[in-house]
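Please keep the structure open as you read.

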Amino acid sequence: MRARAYTMVVALIVIWIYFQWRTVSDLYPYGLFLHPVNFANLLKQMAVTGVLAVGMLFVIVARQIDLSVGSLVGLAGGIAAMTQGWGLVPSLAAALVVGTAVGALQGALAAYANIPSFIVTLGGLLTWRGVILYLTKGETIPVRLPIFRLLGVALLTPASGVVLAVIAIAAIIWTGVRRNPWRSAVLSLLIVVFIVMMNSQGGVPLPVIILIAVALLGHFLTQHTVFGRYLYAIGSNPEAARLSGINSQRYILGAFALLGVLVGVASILHTGRVGSASPDAGTLMELDAIAACVIGGTSLMGGRGKVSGAILGALVMASLDNGMSLLSVESATQYIIKGAVLVAAVGFDMAGRKRA
Amino acid sequence: MPSLLEMRGITKRFPGVLALDHVSFDLRSGEVHAIVGENGAGKSTLMNILGGVYPSGTYDGEIAIDGEVQQFHGVRAAEDAGIAVVHQELSLIPEFSIADNIFLGREPRRLGVIDHDAIHTRARLFLEDLQLALDPHVPVENLGIGQQHLVEIAKALSRNARILVLDEPTAALTETESEILFGILERLRAAGAGIIYISHKLAEVFRIANRVTVLRDGRCVSTDPATDLTAPALIARMVGREVPSFGAQWRGGSLAADIVFEAKNVTVTDAVDNVTLSVHRGEILGMAGLLGAGRSELLMAIFGAHPARTAGGFSVDGKEIPIRQPSDAIKAGIAFVTEERKRFGLFLDHSVMMNLTLAAIRNIDDEAAVAQHAVDDMHIKTLSLDADVATLSGGNQQKVVLGKWLLTKPKVLLLDEPTRGIDVGAKQEIYTEIARLAAEGMAIVLVSSELPEVLGLSDRVLVLHEGRVTGEFDRVDATAEAVMACAMGHARRMTA
């Protein structure tokens with residue numbers, strides 16, 4: 001398990017070094033890829049996928065799948081944009097409510113009506129895209145509320161970034177230094193590097209802060225709550241879980257609803273960042289989220305996978321996207337490379353598992 | 001004349017473990033050679049080497065058939081050399097018919113298209129040959145688990161094996177089905193085949209084996225003709241120490257009068273017919289019956305886990321409890337150690353700790369401390385609390401399942417085949433644990449297909465036949481013959 005996580009980190013570093021080397025130019029003698037401005041951009045792009053991947057992890061761990069995520073991002077974001085006239089809070093709340101309600105509905109159909117979640121959400125993929133096309137009559141709606149827009153692009157002031165970093169490092173030292181001093185040291189160092197880098201280009205992007213908060217919440221839920229424990233049990237052996245007194249249906253519904261909430265969050269970030277809600281917003285995002293989970297070591301057979309892995313997976317996907325765009329790789333080639341990386345990552349994973 | 005099979009100086013290492021240490025073994029044609037030993041003694045490893053699962057080169061030593069040294073690079077090579085291994089786990093495809101399963105991978109073809117008629121005709125002849133009264137058209141999923149095992153054995157035999165390896169073949173068989181198997185083995189032996197028979201059931205070993213080899217900790221302890229051996233001597237060699245037999249588990253003292261658990265008129269469609277039972281404080285109620293008698297279904301129904309339950313009322317400590325799902329039963333203080341631990345009991349790719357604490361997690365504060373306590377208490381052998389439960393031996397896995405349920409602090413403990421497929425030493429530990437729990441006042445229902453186990457441990461024995469109670473015995477009256485008669489359907493007048 002641990003060896004796999006390190007393999008993933010090494011792969012990520014290799015990818016970064018490669019892009020850094022290939023983006024060396026007269027203007028950027030040390031490479032453009034890891035330049036603070038570009039890296040902040042990369043992280044902003046990753047925030048949406050990352051939030052979705054954390055939500056997707058809950059569902060996949062319970063041996064389910066959600067293919068409707070991309071369409072739902074479009075629907076929730078579109079509804080938020082359409083309801084801007086009600087004011088900021090109601091409009092954002094509308095996105096969250098739509099995400100949660102649809103997630104819960106699909107979860108209920110999968111858990112209680114015994115329709116495989118693949119089918120329920122494949123239907124959802126079509127249905128919700130249709131609904132948003134109908135509601136917007138195919139037109140793109142601009143974001144007019146300034147704060148809505150800022151949610152997707154704002155930067156924290158450097159001072160508050162430093163404060164957050166200090167709090168984070170204090171928390172790491174307080175909780176983990178005795179058990180694993182090396183890990184605490186490395187993590188603290190990474191945070192310092194991160195803050196210095198982000199502050200040098202103006203501050204930490206707000207979406208990245210939201211992603212970190214979502215990831216921490218996801219980590220807590222999966223590793224430290226009964227809810228998370230039961231999801232792993234249900235995914236690992238549904239029959240044994242039922243006989244252990246776990247009401248699987250309720251927890252599966254819960255996982256889908258939670259994913260729905262996070263889809264709402266992601267739709268707000270995405271709409272804010274793009275500055276408008278188009279009816280085809282979010283297309284294929286479900287596949288990025290699933291790919292991030294799988295690259296990060298999550299098993300589609302359920303019972304196995306961690307939030308840290310999903311975040312790492314999202315970072316790999318975002319790095320490939322960003323790096324290839326910098327190198328002006330054709331979009332055709334980009335698709336092929338991303339597809340190959342996904343399959344190869346799982347291939348290595350399976351080969352490693354067989355030997356273990 | 002050379003032996004049919006000779007394995008010489010077999011040594012197999014796994015990272016950190018010497019699984020087999022210069023083991024030599026031979027098999028003559030026309031004999032049943034039993035291998036006994038605790039789990040982890042190296043029996044399965046030895047058979048995996050013979051079956052080509054561990055290819056030639058990954059171990060030291062040599063294998064000779066009819067005096068000729070063989071090198072198996074895979075399972076197929078071993079099969080081609082006439083070796084058929086029947087593993088404990090079924091390798092059947094549930095949706096396929098018996099015939100399709102038997103010929104899986106070697107389907108007779110005509111013009112490149114599967115010849116279904118040939119498959120069924122040949123399967124029918126073959127089943128008749130084995131004197132198995134099974135219709136080759138029937139999908140395997142419609143068979144009972146015991147019959148599925150017989151099909152698995154038939155599948156292995158259909159490859160014209162001269163060397164047949166059976167790993168715990170009767171674990172899932174009823175007495176009748178076991179008899180059918182012994183008949184088949186008898187005919188194969190007469191026809192000159194060599195049979196390697198791995199079993200924990202010593203009575204069977206003594207009944208059919210010509211010679212017995214004992215393995216312990218990867219070494220060959222002894223090989224002797226079965227007629228020179230006794231069961232206690234054999235057990236002592238397996239564990240390296242004397243183990244008291246079941247009888248010693250009988251507990252002194254009299255039963256408390258108060259009834260802890262009652263189940264009334266439990267009915268499950270096509271499985272259990274209007275069964276009523278009660279268990280007293282500190283009582284072990286044994287439940288005997290052939291496979292398919294409805295014992296597991298009854299326990300499932302009591303636990304609220306059987307979808308086809310149509311009737312049944314339950315009470316704990318005199319209070320009526322509606323049990324609609326397992327969580328209701330758990331709340332009422334009922335725990336259920338299910339059969340087939342890998343399928344129904346364990347989360348194999350998760351840690352020992354996660355498996356231990358799952359059912360009681362809501363009432364646990366310091367998970368690691370509670371889990372460690374359970375591991376120490378039950379003598380569970382594991383590298384750490386974080387080790388995957390799949391890495392444990394069968395006996396230790398079973399202790400994890402039992403430990404998981406004891407953490408829910410139950411008043412009533414339902415046990416379904418709690419010692420199936422585990423070694424003698426671990427069995428004895430489980431027996432001791434069951435006796436201790438009863439002595440502490442727990443009400444226990446014990447289902448087991450091993451009659452001596454039921455008779456040795458129970459205070460009272462209930463016999464089921466085709467979903468109905470056909471007999472009830474006090475400990476003193478429960479003889480193997482009387483219980484077996486009821487299990488075959490001869491109803492007995494109820495005592496008390």
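Strand β3(B) is covered on both faces: V32(B), A34(B) and V36(B) on one side and H33(B) and I35(B) on the other are all buried. A residue is called buried here if 20 or more other C-beta atoms lie within 10 Å of its own, exposed if 12 or fewer, and partly exposed in between, with C-beta atoms placed from the backbone. Because 5 of the 5 residues of β3 (residues 32–36) of chain B are buried, the strand is largely enclosed by the rest of the structure. Helices (H or I, at least four residues) and strands (E, at least two) are DSSP runs, numbered from the N terminus.

Before going further, note that this is a predicted model, in which local features need pLDDT of at least 70, side-chain atom pairs count only at pLDDT 80 or more, and totals for chains, interfaces and linings use all residues. Residues are numbered from 1 along each chain as its sequence is written, while chains are lettered from A and ligands numbered from 1 in the order in which they are written.

Which strands pair with β3(B)? Strand β10 (residues 194–198) of chain B runs parallel to β3(B) and is joined to it by 4 bridges; strand β11 (residues 211–216) of chain B is also parallel to β3(B), again with 4 bridges. Two strands count as paired if DSSP finds at least two bridges between them. Follow I35(B) and you will find its bridge partner I198(B) in β10(B) and its partner T213(B) in β11(B).

L27(B) is buried, with 26 other C-beta atoms within 10 Å. Beyond its neighbours within four places in sequence, L27(B) is in contact (C-beta atoms, placed from the backbone, within 7 Å) with S3(B), L4(B), L5(B), H33(B), I163(B), G194(B) and I196(B).

Elsewhere in chain B, 4 strands form an open antiparallel sheet in the order β14-β13-β16-β17. Its edge strands, each pairing on one side only, are β14 (272–280) and β17 (319–321) of chain B. From one strand to the next the twist averages 15°. Helix α9 (residues 295–302) of chain B packs on this sheet, touching β13, β14 and β16 (309–316), and its direction makes about 110° with that of β13(B). Axes are lines fitted to C-alpha atoms, for helices over the stretch in contact, and angles run from 0 to 180 degrees between N-to-C directions. Strand β13 (residues 259–268) of chain B is joined to β14(B) by 6 bridges, and I259(B) has H280(B) as its bridge partner there.

What does chain B look like as a whole? Its secondary structure comes to 17 helices and 22 strands, and its C-alpha trace spans about 70 × 50 × 45 Å along the principal axes. Of its 496 residues, 48% count as buried.

Finally, turn to chain A, where the axes of helix α4 (residues 88–111) and helix α5 (residues 117–136) come within 9 Å and cross at roughly 145°. V102(A), Q106(A), L109(A) and A110(A) in α4(A) meet S117(A), V120(A), T121(A), G124(A) and W128(A) in α5(A). Where the two chains touch, the contact takes 15 residues from chain A and 18 residues from chain B. On the chain A side, the largest share, 5 residues, comes from α10(A).
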